[in-house]
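Q: I am new to this structure and would like to learn how to read its features one at a time. Could we go through them together?

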Amino acid sequence: MSKLRVNAFTLSLDGFGAGPDQTLQNPLGVGGEDLHKWMFGTRTFRKMVIGKEGGTTDTDDDFAVRSFDNVGAWILGRNMFGPIRGEWPDENWKGWWGTNPPYHVPVFVLTHYKRDPIEMEGGTTFQFVTGGIHEALDQAKAAAGGKDVRVGGGVSTIRQYLQEKLIDELHLAVSPVLLGKGENLFAGMDMLELGYQCTEQVATALATHVTIKRG
């Protein structure tokens, strides 16, 4: 049965999923890049995201491998697609990832502003959904063809799906970094009341991996 999943989403020790002040120069916000050191050196990240060989094959890589397994579609918040706010000024911006993004399946981007789909190399097609999180999920499940749908973030998007009790499985990598401010994933949210519980915990030198499931 198809699941709605969050995988390899990194949080700081103080609960922030990205640094403040996202710009073209700081796509993860100020200090946000430090969160992801656990992933950057893995073989999976190097192969799937930057197209290079080598990298570690340790526990961190195991979680990175799992994050791509059986994914048939993605959902992204607008800020995960780019730094542009408001109306699309033109059709030039096509994401952070160059001509061949690391998704290789349909990607549904939540936005308030209409835009035509963008076909990229490697099987990625960005489609822009203006009807909210439920419409995006319906479209993503249809496109996934029975495989899972992965919510890539950001924090606001994950929170919306959690609050609606729609996420089946949430893998977080808690990095030993303090950001101080940004977007906090769990602020004001009662995960127990929503029916979630921690089912797995694995610590490495660069992150503590936790898996949270509903039901």
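Q: How far apart do the end C-alpha atoms of residues 9–199 lie, and what percentage of the span is helix and what percentage strand?

A: This is a predicted model, in which local features need pLDDT of at least 70 and side-chain atom pairs count only at pLDDT 80 or more, while totals for chains, interfaces and linings use all residues. Residues are numbered from 1 along each chain as its sequence is written, and side-chain values use heavy atoms, with hydrogens and water left out. Helices (H or I, at least four residues) and strands (E, at least two) are DSSP runs numbered from the N terminus. Here the end C-alpha atoms of residues 9–199 lie 16 Å apart, and the span is 24% helix and 19% strand. UniProt, in an unreviewed entry, lists residues 9–199 as "domain: Bacterial bifunctional deaminase-reductase C-terminal"; such annotations may be inferred rather than shown by experiment.

Q: How many aromatic pairs does a search of the whole structure find?

A: Rings of Phe, Tyr and Trp (its six-membered ring) pair if their centres lie within 6.5 Å, and planes under 30 degrees apart count as stacked, over 60 as edge-to-face and the rest as tilted. The search of the whole structure finds 12 aromatic pairs. One of them joins F81 and W88, edge-to-face, at 5.9 Å centre to centre with 80° between the planes. F81 also forms an edge-to-face pair with F128, at 5.3 Å centre to centre and 80° between the planes. This pair links distant parts of the chain, since F81 is in helix α4 (residues 78–81) and F128 in strand β5 (residues 125–129), 47 residues apart.

Q: Is F81 buried or exposed?

A: Buried means under 20% relative accessible area, exposed over 50%, and partly exposed in between (1.4 Å probe, protein chains only). F81 counts as buried because its relative accessibility is 0%, and W88 is buried as well, with a relative accessible area of 11%.

Q: Which residue lies over the face of W88?

A: A charge sits over a ring if NZ of Lys or CZ of Arg is within 6 Å of the ring centre and within 35 degrees of the ring normal. R115 lies over the face of W88, at 4.8 Å from the ring centre, and the charged end of R150 sits over the ring of F68, 5.4 Å from its centre.

Q: Where does H104 lie?

A: H104 is in the loop between α4 and β3 (106–110), and it counts as partly exposed because its relative accessibility is 34%.
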